[in-house]
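Thanks for coming, everyone. I would like to take a few minutes to go through one model, so please have a look at it before I start.

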Amino acid sequence: MKISILPALSFFFVFLITCPAHSQTASARKGTAERIKVHGKGLEGNLSGDSPDREVSVYLPPSYKTDKKRRYPVLYLLHGFTDNDAQWYGFTRHWINLPEVVDKAFADPAVREMIIVTPNAYTRFFGSFYSNSITTGNWEDFVAKELVSYIDSHYRTIPNAASRGLTGHSMGGYGTMRIGQKYPEIFSSIYLLSPCCMNTGIHANRSEEAARKIEAIQTIEEVQKADFGTKAAFATSASWSPNPSNPPFYLDLPTKNGQVQPMVMAKWAANAPLAMIDQYIPNLKKLNAIAFDAGSKDESIAASIKVLNGVLNDYKIKHTYEEYEGDHVNRIAERIEKKVLQFFSEHLSFEQPKRK
């Protein structure tokens, strides 16, 4: 009996010509990350000496380079304390690779494509806390105004608040709340991931020994070698209690000669979102959507967002709140993939602007 090899050859030929096509399709579904520099006018002359030319990482979704006429919503994502944008976007190895996380999310047809932007807020003191300060520069203004203006003028965005979201992790979650409740005309939806520093008592339990250690610091090199808590004390002081007459750091620490400084603590309290929230209720009501979450093992932060949940309930402001099983970082990639991007996919406007 003769066996024809033509069907087998035909199948093999089809396999050969379709495999590259499949590979190209899979490759085309990946977005691209690029790192640019954006000048911050409000960051000029900061007393810390940090450059006002800031690195900014930008994720462009899979269709951005092929669909040349399409415009996209923008999600501004703020990184945490001691982190930077390069770590989050895979340019430097870190505990998260955002482009890979986002590519996985966009593989789900229910999650719509958007541009994602992260400024490098790593400063001389390891983080800006996205606040306005003569010592570190006007970071709040940079994010809400200068960066948004630059991105809208250099990328195919949908340049209106309804198509802009703001999110962030830890210090970035703090920045999201701080900026989001002040600028509803810029950002329409916000999502806080394990936001730090929400209440007024973030340093209330510092020991006398810890205070002495902080006061003993004399040089920036000593700050760089210090423990996490000492670094955080200098960063928050630079952000919330700057002092242009107090070199070499140009800040006031929360203690002096072992004594708590009431005015410094008052300034810090004034920068706590849960302390300032009541004056921004009208703005929060203007937002299209609000969400926040934290891991149950991240106890102090989980407790603070439980308070935030209560405040928003009291004011009858619609929001989404969740405490999940996890710590400060171990499920952040999963939350971004499964929760955050879905949230903004549902609440941002994808409507293309009409041509005039």
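This is a predicted model: local features need pLDDT of at least 70, side-chain atom pairs count only at pLDDT 80 or more; totals for chains, interfaces and linings use all residues.

**Around S194**

Leaving aside residues up to four places away in sequence, S194 touches H169, S170, D293, A294, G295, D298, I301, Y324, H328 and I332, where a contact means heavy atoms within 4.5 Å. Residues are numbered from 1 along each chain as its sequence is written, and side-chain values use heavy atoms, with hydrogens and water left out.

Where does S194 sit? It is placed in the loop between β8 (189-193) and α6 (208-215); helices (H or I, at least four residues) and strands (E, at least two) are DSSP runs, numbered from the N terminus. S194 is buried, as its relative accessible area is 0%, and buried here means under 20% relative accessible area, with a 1.4 Å probe and protein chains only. From S194 to G80 the C-alpha to C-alpha distance is 9.9 Å, although 114 residues separate the two in sequence.

Let me turn to T157, which lies in the loop between α4 (139-154) and β7 (164-169). T157 is buried, again with a relative accessible area of 0%, and, not counting residues up to four places away in sequence, T157 touches R71, Y72, V74, I115, I151 and D152.

For the chain as a whole, there are 13 helices and twelve strands, and buried residues make up 52% of its 356 residues. Among contacts between residues at least 6 apart in sequence, 74% join residues at least 24 apart.

Terms used:
Buried means under 20% relative accessible area, exposed over 50%, partly exposed in between (1.4 Å probe, protein chains only).
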